[in-house]
Amino acid sequence: MLFYVARRLVSGLVLAVMVTLITFLLLAPSFNGIVGNRLGSAATPETVAQMKAQMGLDRPLATQYVDWLSHAVRGDLGRSYFTGIPVRDAVEQHLGVTLSIVLVTLMLTVVVSVALGVLAASKGGLVDRAVQALSLTGHLIPNLLIAIVLVYLLAVKSRLVPATGFTSLADDPAKWAQSIFIPVIALLIASVAGLTAQVRGTMIDELRKDYVRMLRTRGVPTRSVVLRHALRNAAGPALTVLSFEFVAMLGGALIIEKVFAIPGFGSYAFDASLQGDIPIIMGITVFAVLLVVVVNLTVDLVNGWLNPKARIF
Amino acid sequence: MTSLLEVNDLRLSYPGKGFRARPAEILHGVSLTVAEGETLGVVGESGSGKTTIGRALLGLAEPSSGSIRFDGRDITHVGAKERRRLARDIQVIFQDPYTSLNPSLTIGDILTEPLIAQGTPAAAARTRVADLLERVGLPEDAAQRLPREFSGGQRQRVAIARALAPEPRLIVCDEPVSALDLSTQTRVLDLLIDIQRRTGVAYLFISHDLAVVRHISHRVAVLYRGDLVETGPAGPVTTAPEHPYTQKLVLASPVADPVEQERRRTERRKLASNAH
Amino acid sequence: MTAQAPAPRRRRSLAGRLLRDPQAVAAASVLLIIVVLGLIGPLLTSHGPNEASLDSINADPGTPGYLLGGDRSGQDILARLLASINTSVVSALIGTSIALLVGVSAGLVGGYYDRIRGGAEWLFSLIMTFPGLLLLIVLLPLTKGDFKVTMVIFGVLLSPGVYRLTRNLVVGVKNELFVDAARVSGLSDPRILRRHVLFAVRGPVIIATAFLAGASIGVQSGLSFLGVGPATTPSFGAMIAGGFAELYTEPLQFVWPSLMLGMMTASLVLFGNALRDALEGATRKPVKIKPVRPEPRTTGDAPAGLLVVEDLAIAYPTPSGELREVVSGVSLSLDAGETLGLVGESGSGKTQTAFAILRVLPAEAVVTRGSIRLDGREILGLKEKDMRALRGRSIAYVPQEPMSNLDPSFTVGDQLVEGLRAAKGLSRKEARAQALALLERVGIAEPERTFRCYPHQISGGMAQRVLIAGAVASRPVLLIADEPTTALDVTVQAEILDLLRDLQKELGMALLLVTHNFGVVADICDRISVMREGQIVETGTALEVFREPAHPYTRMLLDCVLDENTVRTDPPPASVPAHAEEEQR
């Protein structure tokens with residue numbers, strides 16, 4: 001077990017190095033433009049070259065990357081070109097904001113989707129059709145429109161919650177809850193639509209299996225057949241979908257963050273990229289990749305616990 | 001009688017499942033022969049390796065050692081091109097008539113496939129299809145229909161027709177009647193016997209069912225956990241076997257007669273308690 | 001299930017099936033109209049999409065030359081709207097085709113050739129580690145916001161999904177027997193891929209395409225909403241952002257692009273769903289765990305017996321909506337301690353009859369008439385709660401496939417304990433002790449170890465013993481065994497039959513044995529009922545039926561049994577040269 005986790009973590013680290021290397025190489029052609037932007041109207045070929053030398057961008061790419069990597073493995077991701085803030089602190093802070101929204105959304109997604117999916121699969125008929133219609137509607141409307149309409153209805157029209165801005169959980173839990181309310185709902189609609197369809201589908205398949213009939217002939221109560229047995233077997237595929245949704249949300253929250261003026265991970269990445277703040281861009285990539293690696297490992301471990309046949313350790 | 005097929009000390013292993021697992025040996029040195037026009041029945045229970053023998057002959061599984069000779073030629077490890085040429089001589093009928101036919105192709109397409117692969121012109125292949133359908137007792141218009149329009153027994157007839165198409169000299173029959181109903185089973189077996197009498201094709205007939213093997217085989221080989229334990233003429237091997245495993249197998253197969261079955265059961269239990 | 005071939009059905013083409021689906025027709029029409037509008041846009045408007053004039057800033061809808069008015073830069077809203085369609089369509093085309101090209105080709109090759117798969121897996125897991133949309137943002141310095149370049153990258157990011165879909169389908173179809181048969185027929189690999197593998201991949205990939213297109217459009221408009229890309233590229237996202245800023249004064253400027261974007265994505269999703277229905281058949285419908293409730297019919301002078309089934313009929317709805325009977329008027333009775341064999345070929349309705357007695361028929365099944373009484377008590381129409389009490393204590397069931405009847409996620413012991421507690425209300429500790437005793441009773445050598453095993457860790461024969469242990473745990477008066485030995489080896493079959501016989505004697509229970517195997521019947525049954533096409537054609541004692549079958553169908557079946565006397569006697573026709581007969585013809 002420990003060996004398995006260690007092996008996965010090592011291969012995850014290798015992936016992370018690969019991803020940062022590729023990102024770095026993809027960014028390399030735009031170094032001139034980035035430096036030029038920074039210099040603004042003062043940019044001439046000479047000043048650009050001078051600036052590049054000053055920033056170390058004129059060295060061979062391999063040297064630059066290895067230099068960055070050797071600092072990165074020691075936890076030093078450098079400082080922002082523009083603000084001079086240590087990259088690690090800045091990214092961690094913004095990531096915290098996004099995670100507080102995304103994690104709440106995910107938890108609600110699980111609760112709502114499992115309830116709706118199980119209900120649709122086990123009751124059938126009208127309930128099922130209603131759930132299907134609901135899930136389809138969630139699919140149909142682009143996220144962007146949902147966010148804007150929600151802002152308009154809840155914040156601008158009825159002034160129930162603040163339209164924009166973010167208060168951190170540590171500062172004021174009540175205000176935090178208010179400030180993330182619309183963003184969470186906006187993200188929730190699409191993710192619930194996706195997961196509900198998944199849970200419904202696999203639950204239907206599970207409930208048709210032989211062991212369900214067997215349990216019923218033993219006099220096991222329906223509730224236990226559905227929730228204890230069928231749901232457990234349906235949970236694996238649903239969890240995988242959930243992990244995809246999580247990864248998608250990390251970046252997908254960007255639009256929501258912009259609409260609601262929330263200083264999150266996505267919008268921070270966006271601003272840094274527009275400015276060409278390479279240390280920040282690289283830092284964001286590192287954090288994002290490590291999150292993906294950890295999430296995938298967690299999903300595999302939980303799947304192994306759920307499904308004894310899939311246990312690889 | 002010359003042997004058409006000669007299998008010598010065949011061993012086969014599958015890579016072990018999981019990380020750093022040792023490979024599992026399925027066949028521990030199996031030797032058998034099939035003569036021209038003969039049926040060799042291979043009987044065994046699940047895990048005996050009987051299906052693996054068939055797959056090795058067909059090139060669907062790679063032997064780890066030993067040799068397979070067909071018509072005097074070594075075909076143990078032939079290349080892809082040579083293997084395709086062998087399709088003219090060695091064919092197969094699988095157990096499951098539902099998954100052995102591509103559901104999206106018409107019966108006609110399924111039957112012309114081996115012919116066209118052998119370079120038969122399309123027109124000639126089509127005439128041949130009518131001939132094949134007639135031979136396995138299917139209506140002529142079957143060629144335009146899809147597999148799902150046919151029952152299990154009829155599909156198995158299609159599979160037989162496909163195997164016959166290139167006029168092979170050996171057909172590997174892997175449990176061809178196990179998925180069929182009792183009455184259909186007998187009819188399909190009789191069709192196979194009839195075809196053999198007319199064309200002189202040899203069968204390697206793999207089955208778990210002693211009664212079926214007894215019905216169609218000239219000789220029978222009994223396989224137990226990757227080893228051949230007994231080989232000989234069908235009658236003696238399947239009714240008065242010498243090896244204890246074959247004896248156990250014969251006594252365990254129930255007969256459709258309450259009185260005889262009760263006698264057999266007593267005998268089986270006696271044998272079992274003696275063994276302890 | 002049914003032995004007879006279904007009536008020949010003409011194959012209808014995919015297009016034909018889609019045309020009959022109103023949802024598909026509506027969604028496709030909307031899409032088509034939008035795309036055409038985008039293409040003929042320049043003909044419909046008098047201004048170019050980037051043409052701005054100070055006079056027309058926020059011009060009212062209906063202003064001459066500005067049908068939908070002007071925006072805050074003085075550009076024609078209609079012209080920009082129609083040009084934005086083209087941007088969306090091009091985005092969808094680029095994103096989708098890159099994703100399909102990369103994903104499908106890698107999936108075909110990686111799925112078919114085991115040796116290449118490892119490398120392909122690694123490559124795509126690398127791509128999947130790139131955090132989606134975030135990468136598009138991070139690479140802004142590279143793409144400079146150009147939507148075509150962005151969509152190429154997005155297509156690559158979408159490709160792992162397509163790869164996995166294709167690879168799974170290919171691996172699935174590759175192990176089908178018909179691919180083995182094609183290989184044995186002498187087909188080359190490229191030919192097998194083209195002829196047999198591609199057809200399996202086609203459907204799901206077409207469905208995925210609709211959703212990929214939707215995703216591409218969504219991402220493109222999302223990015224342009226944020227202001228990525230030059231202002232000269234007309235896009236719904238940029239228009240929505242502009243309209244959002246003027247939401248209070250000119251709400252319509254927000255409505256038009258939103259409506260158009262919403263219509264495009266919605267019709268893509270709806271069209272994708274319609275495609276799925278057309279390609280994969282009707283959508284899965286859930287099974288209700290709900291009792292069947294027929295009209296119980298009690299006749300005056302009921303025959304006595306432990307189990308009495310009278311005139312039972314079961315029907316299933318056909319696609320056309322009518323009911324088709326699979327069991328029509330079955331009557332049988334079973335005394336305490338007796339064994340009745342219900343014999344028949346596939347499709348005869350024997351399993352359906354057994355399920356009806358247990359009341360576990362599939363939800364769509366309808367019991368149209370009849371009565372089933374256990375110990376004089378009518379079972380049909382009984383409340384699910386009362387039925388559950390009955391199932392746990394009086395009736396028990398042993399299935400055909402031991403493996404699929406155990407929940408793969410729970411240990412053998414857990415499942416036995418749960419059944420025991422449900423039926424007898426025992427404490428966990430008592431139930432555990434009883435379960436272990438039962439495992440020992442059914443002949444499992446190491447009960448403690450098996451108790452802790454998961455189903456996939458034990459053999460089929462062991463699994464069947466476990467299921468028998470669970471069935472007899474509550475000392476039922478009636479045990480229904482549905483082909484209990486069909487999936488097992490002959491030697492194991494003999495042991496399981498012995499076990500059933502011993503347990504029956506020990507507990508004095510009645511046994512209803514459903515089987516197609518006359519040998520099994522001869523071994524264990526006191527009486528036999530022969531079923532054919534939903535009806536019982538003959539009932540009698542085992543000896544009677546075997547020695548003097550009354551019905552021609554029974555006689556025919558018994559004639560088909562291969563016994564010891566059917567040994568092949570003719571010599572191999574080796575003297576006939578292999579192809580001699582062919583040449584004579």
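# Briefing: chains A, B and C of a predicted model

In this predicted model, 68 residues of chain A are in contact with 56 residues of chain C, two residues being in contact if their C-beta atoms, placed from the backbone, lie within 7 Å. Because the model is predicted, local features need pLDDT of at least 70 and side-chain atom pairs count only at pLDDT 80 or more, while totals for chains, interfaces and linings use all residues. Residues are numbered from 1 along each chain as its sequence is written, and chains are lettered from A, with ligands numbered from 1, in the order in which they are written. Helices (H or I, at least four residues) and strands (E, at least two) are DSSP runs, numbered from the N terminus.

- On the side of chain A that touches chain C, helix α10 (residues 222-259) of chain A gives the most, with twelve residues.
- The residues on that side of chain A divide into 38 nonpolar, 19 polar and eleven charged, where Ala, Val, Leu, Ile, Met, Phe, Trp, Tyr, Cys and Pro count as nonpolar, Asp, Glu, Lys and Arg as charged, and the others, Gly among them, as polar.
- Chain C also touches chain B, in a contact that takes 56 residues from chain C and 65 residues from chain B.
- The elements that give two or more residues to the chain C side of this contact include α10 (189-225) and α19 (490-507) of chain C, while the largest share, seven residues, comes from α9(C).
- The residues of the side of chain C that touches chain B divide into 32 nonpolar, twelve polar and twelve charged.

**Chain A**

- The secondary structure of chain A comes to twelve helices and zero strands.
- Taken along the principal axes, the C-alpha atoms of chain A fill a box of roughly 85 × 55 × 35 Å.
- Chain A is assigned domain 1 (2-72) and domain 2 (93-272), with bounds that come from an automatic or database domain assignment.
- The centres of these two domains of chain A, taken over C-alpha atoms, are separated by 36 Å.

**Domains of chain B**

- Chain B is divided into domain 1, which is made of 3-89 + 167-233, and domain 2, which covers 103-165.
- The C-alpha centres of domain 1 of chain B and domain 2 of chain B lie 24 Å apart, and the contact takes 13 residues from domain 1 of chain B and eleven residues from domain 2 of chain B.
- Helix α6 (residues 182-199) of chain B supplies five residues, the largest share of the side of domain 1 of chain B that touches domain 2 of chain B.
- That side of domain 1 of chain B divides into nine nonpolar, one polar and three charged residues.

**The sheet of chain B**

- In chain B, six strands form an open sheet in the order β6-β7-β8-β3-β9-β10, with mixed pairing; two strands pair if DSSP finds at least two bridges between them.
- The edge strands of this sheet are β6 (90-93) and β10 (227-233) of chain B, each of which pairs on one side only.
- From one strand to the next, the twist averages 15 degrees, with axes that are lines fitted to C-alpha atoms, for helices over the stretch in contact, and angles that run from 0 to 180 degrees between N-to-C directions.
- Strand β3 (residues 39-43) of chain B and strand β8 (residues 202-207) of chain B pair in the parallel sense over five bridges, and B:Leu40 has B:Leu204 as its bridge partner in β8(B).
- Strand β9 (residues 219-224) of chain B is joined by six bridges to β10(B), and the two run antiparallel.
- β9(B) and β10(B) form a hairpin with two residues between them, and B:Arg225 in the turn has a positive phi of about 45 degrees.
- Helix α5 (residues 152-164) of chain B lies across β6 and β7 (170-174) of chain B, running at about 175 degrees to β6(B).

- In chain C, six strands form an open sheet in the order β6-β7-β8-β3-β9-β10, and the pairing is mixed.
- β6 (395-398) and β10 (535-541) of chain C are the edge strands, each pairing on one side only.
- Strand β7 (residues 478-482) of chain C is joined by five bridges to strand β8 (residues 510-515) of chain C, the two running parallel, and the bridge partner of C:Ile480 in β8(C) is C:Leu512.
- Helix α8 (residues 147-174) of chain C has 28 residues and reaches 39 Å from its first C-alpha to its last, close to the 40 Å expected at 1.5 Å a residue, the expected span being 1.5 Å times one less than the number of residues.
- α8(C) bends by about 35 degrees at C:Leu158, and a proline, C:Pro160, follows within four residues; the bend at a residue is the angle between axes fitted to the seven residues ending there and the seven starting there.
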